[in-house]
Amino acid sequence: MDLIYTGGCACGAIRYQINDKPMFMNDCQCRDCQRMSGTGHGSYLTFPSRKSVSLEGKTANFDMVGDSGNTKTSSFCPKCGSPVYMTFAAMPNLFTIHATSLDDPTLYQPQAVTYTKRGYVWDHLDLSLPKYETVPKS
């Protein structure tokens, strides 16, 4: 049986359960992720299918256009403001959660650092991880 990923916002108004394995776990240094996290990067788990996701609660949403020119939607709690997940117009099946929204954030095991071209020298990430100036090609 696959591991079940559970989590939500800080106040508990938004909850999720995901019955799938993440296809990618990354630290992203793009400017949007820096702004959403309030630091030098965001940390994410991306799942291949929204069908495996069960959501409870109503989110507020904010659309932004990334470096790729595609729209991504950040979904957060309207009560406590915690960012919970992101979706992407160009890849509608993907579901990406913020690592810190997990009930057990130790499940996050980063595989790569993306958008290093936007990174800062003060944002010290695992030196052993593969690094990509933008998004890896597969």
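**Sheet.** I looked up the strand order and got β6-β7-β8-β9-β4-β3-β10, an open sheet of seven strands with mixed pairing. Strands here are DSSP runs of E, at least two residues, numbered from the N terminus, and two of them pair if DSSP finds at least two bridges between them. The edges are β6 (60-65) and β10 (112-114), each pairing on one side only. Neighbours in this sheet are turned by 30 degrees against each other on average, direction ignored; axes are lines fitted to C-alpha atoms, with angles running from 0 to 180 degrees between N-to-C directions.

**Ground rules.** This is a predicted model, where local features need pLDDT of at least 70 and side-chain atom pairs count only at pLDDT 80 or more, while totals for chains, interfaces and linings use all residues. Residues are numbered from 1 along each chain as its sequence is written, and side-chain values use heavy atoms, with hydrogens and water left out.

**β8 and β9.** I checked β8 (residues 83-88) against β9 (residues 91-98): they run antiparallel, joined by three bridges. F88 has M91 in β9 as its bridge partner.

**Cysteines.** How many disulfides are there? I got zero, with a disulfide being a pair of cysteine sulfur atoms within 2.5 Å. For C11 the closest cysteine sulfur is in C9, 3.7 Å away, so that is too far for a bond. C28 is in no disulfide either, with the sulfur of C30 nearest at 3.7 Å. C11 is partly exposed at 36%, whereas C28 is buried at 7% (relative accessible area, 1.4 Å probe, protein chains only: buried under 20%, exposed over 50%, partly exposed in between).

**Rings.** My search of the whole structure found three aromatic pairs (Phe, Tyr and Trp rings, the six-membered one for Trp, with centres within 6.5 Å; planes under 30 degrees apart are stacked, over 60 edge-to-face, the rest tilted). Y120 and W122 have ring centres 5.3 Å apart and planes at 5 degrees, so I noted them as stacked. Y120 is partly exposed, at 35% relative accessibility.

Key. Helices (H or I, at least four residues) and strands (E, at least two) are DSSP runs, numbered from the N terminus.
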